[in-house]
Every structure is written in C-alpha cells, then in structure tokens.
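Here's a quick briefing for anyone opening this model for the first time. Have a look at the sequence and the 3D view, then read on.

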Amino acid sequence: MGAVDDPYLWLEDITGDDALDWVRAHNEPTIAELSDDDFEEMRRQALEVLDTDSRIPYVRRRGEYLYNFWRDATNPRGLWRRTTLDSYRSENPTWDVVIDVDALAAADGTNWVWAGADVIEPSYDRALVSLSRGGSDAAIVREFDMHTREFVADGFSVPEAKTQISWESPDSVLIGTDFGPDSLTESGYPRVVKRWQRGQPLTDAVTVFEGSTEDVIVAASVDLTPGYERTFVSRATDFFNDEVSELRDGTLLRIDAPTDASVGVHHDWLMIELRSDWTRGDHTYPAGALLAAPYEQFLEGTATLDVVFTPDAHTSLHQHVWTKDALVLVTLRDVASHVSVLEPGTWTATPMPGIPANTNTVVVAADDTHDEIFLDSSGFDSPSRLLHGPARGPLEQVKSAPAFFDAENITVTQYFATSLDGTKVPYFVVASGPGPRPTLLGGYGGFEVARTPGYDGVLGRLWLSRGGTYVLANIRGGGEYGPSWHTQAMRENRHKVDEDFAAVARDLVDRGITTVPQLGAQGGSNGGLLMGIMLTKYPELFGALVCQVPLLDMKRFHLLLAGASWVAEYGDPDNPQDWEFISKYSPYQNISSTATYPELLMTTSTRDDRVHPGHARKMTAALQAAGHRVRYYENIEGGHAGAADNAQTAFKSALSYSFLWKVLG
C-alpha cells in the first residue's frame with residue numbers, strides 16, 4: 001500500500017482536527033471497557049510503586065554535589081535537586097531543590113517535561129536546561145544560573161527544536177539546531193554546528209562544521225577536563241556509522257577508526273569498541289572487541305593497539321566506563337552481568353567483589369575526575385541495590401529499593417529455544433508456580449539493545465503477584481551477545497528476529513509453561529513492530545498482543561519524523577530490492593481479512609515525535625476495515641515513552657494489564 005492508494009493517509013496529520021476526533025472516538029470505548037474496579041486498583045498500585053518515597057534516588061556527581069531528578073505524587077513534573085555525599089548516605093538525605101518543574105510549568109502556563117541539563121565544568125555555575133512540551137524529543141533550551149537559581153536574562157536561549165548544544169567556554173557554546181531552511185537532515189536532526197558567542201544573535205553564530213542532508217545527525221561535544229580540553233565533531237552517515245574528528249585550531253583531525261565503531265577519549269587514551277571485524281596491518285580484531293591506544297599516537301598513525309576485551313561465544317561487552325584512573329567493564333555472560341576493573345596500560349582485569357551472581361548490574365554513574373562509581377544491581381525477583389565506592393573497591397551498599405511484591409515463591413529459569421535456522425535463543429521465565437498459566441512474553445530485537453534481567457515493581461505487582469508468568473526473550477537484533485547478535489538480523493535478515501520470537505513462543509507451549517490462549521506478548525517502538533509482525537505472520541501463536549508506540553507502515557517509515565535515521569536497520573523502502581524483503585513483513589501491508597487474529601491493544605502518543613503516531617492510527621483503521629477488533633488508546637501527550645509523568649505511566653500500565661488479564665486470565 002503506497003501513499004497514493006493509502007486511504008488512511010489523513011491520519012498522519014498529527015494534530016489535525018479530523019485525526020484527533022478519530023483518536024478521541026477510539027479512546028473512549030477502550031477506556032470504558034478496561035477501566036473497571038480492577039483497573040482502578042491496578043492503576044493505584046502502579047502509581048504507588050512509581051511515586052513511593054522509598055525508591056532509590058539515583059544521582060550523578062557534579063563537583064561537590066550529587067544531583068538527582070525526582071518525581072512523586074506531590075511533584076508530578078519533578079524536582080531537579082542536589083545533596084552532598086554525606087547527606088546522601090543517610091536514611092533521609094537533605095535535598096536542595098534547584099528547579100521545581102511543576103512551579104515552572106505553572107508560571108509559564110506550559111506543560112513542561114524535564115529533558116535534562118548540561119552543567120558547565122569545572123565551575124558548575126551555569127547550566128543549559130532543556131524542557132519539552134508534553135514529552136516530545138524537541139525541546140527548548142534556557143541558560144540557568146546555579147547560584148541565583150534563576151534563568152539568565154538575555155542568556156543562551158533556543159526555541160523548540162531537536163537541539164544539540166555543548167558548553168565551549170563560559171561565554172560560548174557549540175550548537176546544532178533548526179537554523180532555518182537546509183539546516184536539518186532528512187531525519188529531522190541538526191546538519192550544521194555553529195559557534196554561538198554570548199550576547200550574539202543566534203542568526204550571527206559562525207558555522208564550524210556541516211554535514212549533508214542525507215546524514216542522520218551532525219553534532220559537537222567538548223571535553224573541558226583541565227589539561228585535556230578537546231572539541232570533537234561527528235557526522236552520523238547512518239544510524240550505525242559515524243565519522244569523528246577533533247577540531248583543533250580550526251583544523252579537523254580525523255580519528256581514523258572504523259566508522260561503525262564507538263570511539264571515546266579519556267585523558268591520554270583512545271578507546272575503540274568494534275561492531276565489525278577490523279583488519280589493521282597484519283592483524284584482524286573481532287567484532288565486539290574493545291581496543292585502546294595512546295590518543296596522540298593514534299592521530300599520528302604510529303600507535304600500537306592494545307586488546308582490552310575480546311568476546312567469546314557466551315560473553316559480550318555491555319559497558320565500559322572510566323573513573324579518573326581506572327577502567328570498569330561490565331560484561332554479559334549468557335545475559336548475566338559480570339564486573340571487572342582494569343589498570344590502564346597493562347589492562348590487567350580484577351573482578352569487582354560484592355557483585356551478586358545472575359543479576360543485571362550496571363554502572364549508573366561514574367566520576368571521571370575522581371575515583372568514584374555507583375553500581376545498580378537487581379534481578380527479576382530482587383530489588384535494586386545501589387553500591388558506591390572507589391572503582392578498585394571496596395564498594396558499600398548506600399541505598400536499596402523496597403520489595404514491591406512478594407517474591408518468596410518466584411523462580412527464575414533460563415531456557416534456550418531453537419530458532420528456524422538452528423540458533424539457540426535464550427529466554428528467562430519468571431514464574432510463581434508450575435504451568436500452564438497466563439504468560440506475558442516481552443521482546444525487542446533491534447538496534448543492538450540488550451534486554452537484561454532487572455527488577456520491575458509494576459510488572460511484579462500487576463502481573464507476577466496475581467499469578468501470571470513473565471518471559472523475557474533475548475532474541476537476535478539485540479546486543480545480548482555483542483554486535484554480531486544484532487548485525488546478523490538486520491535488513492534482509494530481519495526475519496530472524498521474528499523467527500526467534502516465534503520459536504520462544506512455541507517453546508513455552510511445548511514445555512507446558514503456558515497455552516496459546518493464555519500467551520500474550522508486549523513490545524514498544526521497534527518491539528511494537530515485532531508485535532505487528534506477530535499479529536500478521538504468527539497469529540496462531542498468541543491469545544493477546546499489546547502493541548505500543550509502534551512502527552507498522554514500513555513503506556513510509558522513512559518519511560515520518562525520525563524514520564529516515566533507521567534505514568540502516570531496516571532498509572530503504574524506495575529501493576525496489578530493499579522493498580522486496582521489507583514488504584514481506586511490513587504489518588500495514590500484510591493485513592488479512594480472512595485470518596483469525598489474537599486480541600489486540602494498540603497504544604501510542606500524540607506527542608511522540610520519534611515514531612509517528614500515524615503508524616498505530618492507520619494500522620488500527622485498516623484492521624477494523626478488514627473486520628478485526630482493535631482496542632486503541634492514544635495519550636495526547638507523553639512523547640516516545642508514551643507518558644509524561646508517573647500518573648500517565650500508571651494509567652498506561654494499568655490499561656495494558658487490565659486488557660491482558662481480561663483476555664488471558
């Protein structure tokens with residue numbers, strides 16, 4: 001179905017009166033059906049989890065203070081606040097509120113959603129604060145004085161756009177934004193980087209770097225570490241390939257690593273994480289390896305590369321993070337986390353003590369100006385523990401999250417399903433008893449995103465504690481086994497993602513964990529595309545599907561909002577050879593009026609400016625025209641997350657679980 005013969009093209013008009021009338025008309029029956037007393041109890045329980053004061057307030061260090069962004073029932077838009085380490089260690093820290101977003105939204109008469117702050121280093125006296133209307137990716141930027149706690153009159157101020165901005169000095173920034181015609185890429189991101197001096201109109205900012213409209217994004221970043229001040233510019237030629245250079249004295253010095261590698265510089269070291277095999281000289285380094293070299297020598301072409309980490313069939317690199325003089329690695333071995341500390345130069349690794357086995361452990365903050373790290377460790381049945389200390393240890397537990405559900409009878413088991421091509425695909429089963437019982441299967445399978453076994457209080461309360469079984473599928477397309485787990489399922493091989501997920505669904509039934517009428521699946525964004533494919537290609541495997549903020553019309557995805565940036569993942573629908581394989585799975589083009597489909601809940605957000613809400617709208621309209629029932633809900637705000645605050649998140653969660661229990665339970 002192309003644009004010419006697409007009868008629902010009008011639903012792509014995001015805020016058009018007719019389209020929004022259609023949205024409201026579809027929201028009302030869904031809410032009426034699902035919002036009964038049980039829904040209200042689930043909404044209350046979810047909000048209690050999201051708003052509780054006993055959550056861990058995660059922090060990052062800026063100078064002498066630890067900063068946190070916090071939402072609760074009293075402050076639904078949130079507080080940007082800070083405290084000292086000594087106070088943070090206490091049971092009830094004393095928080096100094098820097099910005100009250102609720103008060104700011106009320107004063108401005110605008111539904112502001114916090115989008116972050118860039119605080120200048122090392123003085124930490126000014127911040128570039130980003131605020132989004134309703135949760136969209138596009139945001140305004142305002143300069144904020146950290147001493148007076150006020151926005152700077154006549155300071156740096158940028159109107160709403162998908163802006164990239166970095167401090168260069170107290171009186172200048174490097175900025176990519178919507179400067180007018182020809183300043184954005186086809187993906188809607190900045191194409192031009194300019195130097196903007198204090199007091200200068202933005203229109204007079206001087207161009208320092210520009211890419212082409214076919215690029216995904218052009219950006220600049222500045223390292224203000226004393227003694228290591230450097231400015232970097234990059235152009236992403238597609239979603240996975242970047243050309244990175246240092247801008248030194250007006251000259252671009254290219255960091256000549258593979259464009260699909262991730263590069264980073266810390267003090268004297270250049271780190272290169274490979275996504276594909278790289279032959280340099282007479283040596284080939286494997287995909288997934290982490291390499292190190294003296295930075296200046298690498299620029300000169302004289303550096304010898306050190307191998308810091310090499311993957312194997314079971315182990316991949318998940319994170320690498322610097323403190324001032326230590327490198328911390330988090331690896332996944334069959335999707336369970338392991339943490340080690342490495343000495344720069346020798347790269348000798350020492351396992352970090354005190355890390356629980358079979359958990360999801362991640363670095364949530366590290367101070368690269370001192371020797372300090374925060375690690376969060378949790379499991380499906382074990383709430384988060386926040387560990388703090390020097391990278392080389394010992395670490396101590398400084399915070400712990402409460403248990404939001406009774407996990408005494410919960411068991412966590414890992415199985416492997418065999419996909420169509422013989423690949424063993426791991427998945428976790430979280431259950432409170434033997435099957436078969438209502439089961440919710442989750443998956444993503446794209447962009448090298450690894451799904452790991454972490455704690456989820458809302459899932460625990462609304463699903464596990466009511467007797468449901470949860471399954472997490474670690475399908476290809478993700479990063480659970482490194483970059484090759486992703487690259488082998490891109491473009492023309494994307495069918496492997498769907499085949500893996502279907503194999504897990506079948507394996508669950510074969511093992512007696514569930515039955516087809518009791519099996520539901522849920523996914524969002526790229527995972528929403530997966531749900532659309534399950535609906536149209538594998539309807540016989542499921543009793544219910546929850547499809548959230550999805551891509552579904554793969555004929556037009558590259559023309560809508562940020563869609564052009566994902567051509568490297570999916571292929572180009574305008575290329576007949578690519579459309580040949582895309583057309584086989586694109587859900588919108590593969591709706592059948594004769595097939596029997598599982599029950600479907602479709603959700604999206606009007607304010608999602610990443611994945612266009614037209615995908616969900618048009619798919620719903622086409623399914624209904626083909627005689628299928630769809631429950632539809634669109635949040636009028638919320639961005640790509642689908643919710644702008646905890647109350648909206650709780651409502652959306654209760655809606656999904658209410659639907660799943662009605663159909664599967």
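## Charges over rings

The charged end of Arg62 sits over the ring of Tyr67, 5.3 Å from the ring centre; that label needs NZ of Lys or CZ of Arg within 6 Å of the ring centre and within 35 degrees of the ring normal. Lys399 does likewise with Tyr88, lying over its face at 4.9 Å from the ring centre.

Before going further: this is a predicted model, where local features need pLDDT of at least 70, side-chain atom pairs count only at pLDDT 80 or more, and totals for chains, interfaces and linings use all residues. Residues are numbered from 1 along each chain as its sequence is written, and side-chain values use heavy atoms, leaving out hydrogens and water.

**The whole protein**

- The protein has 13 helices and 39 strands, taken as DSSP runs numbered from the N terminus (helices are H or I, at least four residues; strands are E, at least two).
- A compact globule of 665 residues would have a radius of gyration near 26 Å, and the 25 Å of this protein agrees with that; the radius is taken over C-alpha atoms, and the globule rule is 2.2 Å times the number of residues to the power 0.38.
- Along its principal axes, the C-alpha trace spans about 65 × 55 × 55 Å.
- Of the 665 residues, 58% count as buried (buried is under 20% relative accessible area, exposed over 50%, partly exposed in between, with a 1.4 Å probe and protein chains only).
- Among contacts (heavy atoms within 4.5 Å) with a separation of 6 or more, 57% come from residues 24 or more positions apart.

**Aromatic pairs**

- Rings of Phe, Tyr and Trp (its six-membered ring) pair if their centres lie within 6.5 Å; planes under 30 degrees apart count as stacked, over 60 as edge-to-face and the rest as tilted.
- By this rule there are 28 aromatic pairs.
- Tyr88 and Trp95 make an edge-to-face pair, because their ring centres are 6.3 Å apart and their planes stand at 80 degrees.
- Tyr88 is also buried, at 0% relative accessibility.
- Phe232 and Tyr295 are edge-to-face too, with 6.4 Å centre to centre and 75 degrees between the planes.
- Phe232 is in strand β15 (residues 230-238) and Tyr295 in helix α5 (residues 295-300), so this pair ties together parts 63 residues apart in sequence.
- Both Phe232 and Tyr295 are buried.
- Ring pairs also join Phe239, Phe240, Phe447, Phe557 and Tyr570 into a cluster.

**Helix α4**

- Val101, Leu104 and Ala105 are buried in helix α4 (residues 101-108).
- Seen down the axis, the buried residues of α4 fall within an arc of 100 degrees, so they line one face of the helix; the arc is that of the directions from the helix axis to the C-beta atoms.
- Ala106 and Ala107 are exposed on the other side of α4.
- The cover over the buried residues of α4 includes β2 (65-70), β4 (96-100) and β5 (112-119).

- Phe405 lies in the loop between β31 (396-400) and β32 (411-418), and is buried with a relative accessible area of 8%.
- Leaving aside neighbours within four places in sequence, the contacts of Phe405 include Phe380, Tyr455 and Arg461.
- Thr469 belongs to strand β35 (residues 469-473) and is buried, with a relative accessible area of 1%.
- Not counting residues up to four places away in sequence, Thr469 touches several residues, among them Val429, Pro438, Trp463 and Ile513.
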